[in-house]
Amino acid sequence: MSASLVRAGERQVTRDADWNHELDNNDNFSPDDRFLVFDTRPAETAIIRGRVIAKVEIATGQTTVLYRAEPAGEFGPGVGAAGYAPDRDEVVFIHGPLRPSSPADQYEKHRRCGMIAAGDGSGRVRFADARDVRPPFTPGALRGGTHRHEFSGDGEWLGFTYNDEVIRAHGLAIGRNLDLRTIGVTRLGRPVRVPPQAQFPDHADGFSVLVVSVTPDPAPGSDEISHAAGDSWVGSAGYLKPDGTRQRARAFIGTTRDAAGTPLDELFIVDIPEDVTRPGPLGPLQGTPTQLPAPPAGAVQRRLTRTADAPHPGCQGIVRCSPDGSRIAFRMRDDRGQWQVFLMSPLGGTPEQVTRLDGGVTGGPRWHPSGKTLFCIAGSRIVATCVEPGPRFGHSAVLIDRDPPPYALVVSRDGNTLAYNRVVKTAGRDVSQIFVMDCRHADGQDRDEPNSHNR
């Protein structure tokens with residue numbers, strides 16, 4: 001089905017050719033929506049060569065450097081994937097080893113942590129999560145690398161994806177691939193100290209744990225998973241349970257095995273206890289030399305979708321939850337095999353298809369703070385879709401359709417502005433630049449074609 005057209009203009013915010021301006025699908029708007037934070041990696045996946053975290057003032061295009069990695073060389077440290085806190089002038093981002101000098105200590109997905117920097121350009125920084133890779137390890141510290149750090153709605157927690165260095169090395173020693181990605185959280189304001197480290201600080205601001213259990217060989221047809229990613233917080237304050245209480249949680253995509261043993265990505269959720277310092281039944285929080293750090297007591301992992309028998313099974317992408325925590329948006333294929341956005345309750349149930357776009361959805365979704373509209377990218381188009389219950393549910397409006405394709409879509413905190421990247425020629429070379437669009441009228445209402453509808 002096609003969508004009606006809303007002629008929304010866009011404006012290029014960054015124009016310099018000195019570096020890229022990667023938004024990286026994070027929460028890039030400052031609390032007051034004046035600035036966007038970005039990283040400057042030379043290519044989309046080359047965080048090892050990222051050196052600068054900066055912000056740009058949307059109104060003027062003026063750039064302020066918030067952090068510069070020094071010293072820097074071919075092995076890192078590597079900085080990138082920045083996001084703003086919702087309630088204060090601080091940003092969080094990936095930081096690799098402090099002084100890497102060889103491949104043995106260079107930036108890797110299992111060798112990095114989260115750094116928090118002041119958003120005023122003063123250079124004040126602190127580390128979010130501690131790291132301790134030597135037995136007996138330290139409760140509240142991790143043994144690998146954190147990534148895609150995301151502040152919770154109250155600014156008191158960070159969620160992240162994670163790869164463990166200790167278990168990876170154990171797998172190499174026994175001839176198995178144990179480099180498994182999973183998900184954790186950091187409770188900020190609970191400092192942790194570790195023994196002196198060669199490449200990482202001996203202290204951090206938060207107590208960190210893993211909350212999702214993964215295994216290298218999930219039993220076919222079970223709810224076990226070998227990989228967890230694409231995660232985000234459920235609501236700005238969790239979701240509402242049947243007993244009327246609020247539950248903090250993260251939704252994510254987990255890789256199961258179907259009955260034939262074929263990998264199959266499904267939607268999951270994990271409830272997170274307010275006290276993450278108590279060990280759970282699966283083992284110690286800090287792990288062992290042959291076991292991943294185990295989730296804390298009260299962490300409950302649940303599968304939400306079961307698509308094995310669907311014509312086109314599987315889910316994908318970064319999942320996003322409505323601000324009130326009632327609906328999780330994720331990508332699943334429709335009957336034609338095209339990726340579309342579906343909605344599902346954190347309590348379970350049947351997924352509800354919301355987009356029906358020709359060619360399918362290629363990026364997003366992102367929620368308007370009202371919870372009434374979803375934005376996504378579909379090829380060269382940015383699309384707004386009504387998700388408010390009623391006769392207009394599922395109606396989509398194309399806000400813009402032009403190449404080069406946009407990516408890394410993010411919505412301002414007041415809901416008035418969309419920001420995204422395009423790779424454009426700048427001073428004779430391809431540079432990722434930041435663009436913005438006024439979306440105050442991007443509510444899926446027909447304007448050019450008053451009587452049109454999805455068709």
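The largest cavity is lined by Asn25, Asn26, Asp27, Gly83, Tyr84, Val92, Arg148, His149, Glu150, Phe151 and Arg320. A cavity here is a set of points, on a 1 Å grid over the protein atoms alone, where a 1.4 Å probe fits but cannot get out, and lining residues have an atom within 4 Å of a point. This is a predicted model, in which local features need pLDDT of at least 70 and side-chain atom pairs count only at pLDDT 80 or more, while totals for chains, interfaces and linings use all residues. Residues are numbered from 1 along each chain as its sequence is written, and side-chain values use heavy atoms, with hydrogens and water left out.

The volume of the largest cavity is about 70 Å³, a volume being the space filled by probe spheres set on the points, which are joined across faces, edges and corners. Strand β10 provides the largest share of this lining, 4 residues; strands are DSSP runs (E, at least two residues) numbered from the N terminus.

The structure holds 2 cavities of 30 Å³ or more.

Of its 24 lining residues, Asp27, Ser236, Pro323, Arg366 and Arg413 lie nearest its centre. The elements that give two or more residues to this lining are β10 (144-151), β14 (228-233), β20 (315-321), β24 (363-367) and β28 (407-411).

Technical notes: On a 1 Å grid over the protein atoms alone, a cavity is a set of points where a 1.4 Å probe fits but cannot get out, and a pocket is an open set with protein on both sides within 12 Å along at least five of seven lines; lining residues have an atom within 4 Å of a point.
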